[in-house]
Amino acid sequence: MVYGVRKDRGFERGIVKTLYFDNAATSWPKPKSTLKSMSSFFLKGGGNPGRSGHGRSIGAARIVVQTRELLARLLNVRDSSRIVFTKNATEALNIAIYGLAEERGHIVTSSMEHNSVMRPFTDLQTRGREVSVVKADSSGTVSADDVARELKKNTSLVVLTHASNVTGAVNDIAAIGRICRERGVPLLIDAAQSAGCVPIDVQAMCVDFLAFSGHKGLLGPQGTGGLYIGDERLNEPLMRGGTGSLSDREEQPDFFPDRFESGTLNVIGITGLGAGVEYVLNRGVSNIAAYDAGLMQLFLRELCKDRRYRLYGPCIEHGAHPERSEPGTHNGDSPVRQTGVLSMNIEGQSPSRVGQLLDRDYGIQTRIGLHCAPSAHRTIGTFPDGTVRLSWGLFTTERDVRQVLRALHAIAEKESP
Amino acid sequence: MSRRSKHIDLRTLEGVITFFGSHHAIRAEGVLKRQEISAVLIPGPREISPNCGVAVRFDFNRREEVRALLQEHMVHFEDIHHYPEC
């Protein structure tokens, strides 16, 4: 069945394409190079890296190293062996959180975190860790001063999202990183929503650990992600097993990346991830941020002034107005404050109803509800119903945005109580 | 294994760098080649490379230069051996 973009209600089959506005869940489509690289590995490559000395194994190892090097360039990591691959950002966050949360220690996070942070925190609290949650403002942004106020002598970890998956709010990680570095507290950043869309420099931002997803802004396939491990305070892997190295010994290696990579890697996935990262680097992350901001402007210009819509996020909350300034504008010098994510509701209508109509009648694919971040929705005042979340990417066009706007207006008009 | 690899006669490369893991072996090859130092990935000889399946063969006469380069580029190696091809 193929959904189509429709002018009238009722369902027609076999028409053209959907409009994909759920890139915060997973990016789609991927660049052709992602598929091509994976297909080439499948047909001509194969091989298990680091296990054997023959050409096929070495070929696989080369691809994995190349992908690590590309990620190191993207994040400004000096030693690429410090980037370990995981199956997703959730696994990466779990490795870091459980590895760094000391017994009887104090751990800090924010009220905007995804469940991949909140659920480990809730679990650790039941196991005796003291937990502090820094409240974000109504746009979803966390203040560096508020984080500083929570730090204590026994604080062993601060975990913060770089960009919210609900409002797109981008935190000032450099300011928070400087504070944590001065106080000697490890800082773990959840870059699931920001890697590839917001410039990241782990050195300049004083980031000690960073978890990323491979299948969102980095344009790789699902089943990929990773963790940058910046210093020795994280030493405990989640798994132990075969690494291809030190085969004569039954202790887990203590060198990188092997210590944190047991078992066969998702090599075909990492191949695609490498192609995606290369595509991002060639386009330029700042250019991608500017592109996302441009589409945000299209939405805000039309929706901000219309009382039927309730919008959430820094561009709306911080007083930016389409006529007075350019909300969401990004150039190379100014910091990025918001990603290409817009949470919204239509007055008097449930987000689930709006999302269903967008999908059924217009082929517009969004995510509705709480987005695995109930705390974030409590922070912005949309719990328990949540929001309709529109999230675009590099392959979303202005024409797509205009079609979404027409659909929203039609729903707001026809479905108004 | 062929004595010739990409027009390089391996018999002229009497040095072997061994590693703990393949990540650094691959990186070493890249670092040296970019500096136009002949470097060839080889199956790690069992007697000197029990820890990792791949090693790098290179010109042993340039070992000090190679050692400095690898350290500069954060390539972690186990040891540098004089191990001529038989």
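## Strands β3 and β4 of chain A

In chain A, strand β3 (residues 106–110) pairs with β4(A) in the parallel sense over 5 bridges; two strands pair if DSSP finds at least two bridges between them. A:Ile107 has A:Val131 of β4(A) as its bridge partner. Strands (E, at least two residues) and helices (H or I, at least four) are DSSP runs, numbered from the N terminus.

This is a predicted model, in which local features need pLDDT of at least 70 and side-chain atom pairs count only at pLDDT 80 or more, while totals for chains, interfaces and linings use all residues. Residues are numbered from 1 along each chain as its sequence is written, and chains are lettered from A and ligands numbered from 1 in the order in which they are written.

## The sheet

The open sheet has 7 strands in the order β2-β8-β7-β6-β5-β3-β4 (chain A), with mixed pairing. Its edge strands, β2 (83–86) and β4 (130–134) of chain A, each pair on one side only. From one strand to the next, the twist averages 20°.

Helix α2 (residues 55–75) of chain A packs on the sheet and touches β2, β7 (209–213) and β8 (225–229) of chain A; residues are in contact if their C-beta atoms, placed from the backbone, lie within 7 Å. The direction of α2(A) makes about 115° with that of β2(A). Axes are lines fitted to C-alpha atoms, for helices over the stretch in contact, and angles run from 0 to 180 degrees between N-to-C directions.

## Helix contact between chains

The axes of α2(A) and helix α1 (residues 22–34) of chain B come within 9 Å and cross at roughly 80°. The two helices α2(A) and α1(B) are therefore roughly perpendicular (65 to 115 degrees). A:Ala61, A:Arg62 and A:Val65 of α2(A) make the contact with B:Ser22, B:His23, B:Ile26 and B:Arg27 of α1(B).

Methods:
Contact = placed C-beta atoms within 7 Å. Parallel < 35°, antiparallel > 145°, perpendicular 65-115°, else oblique.
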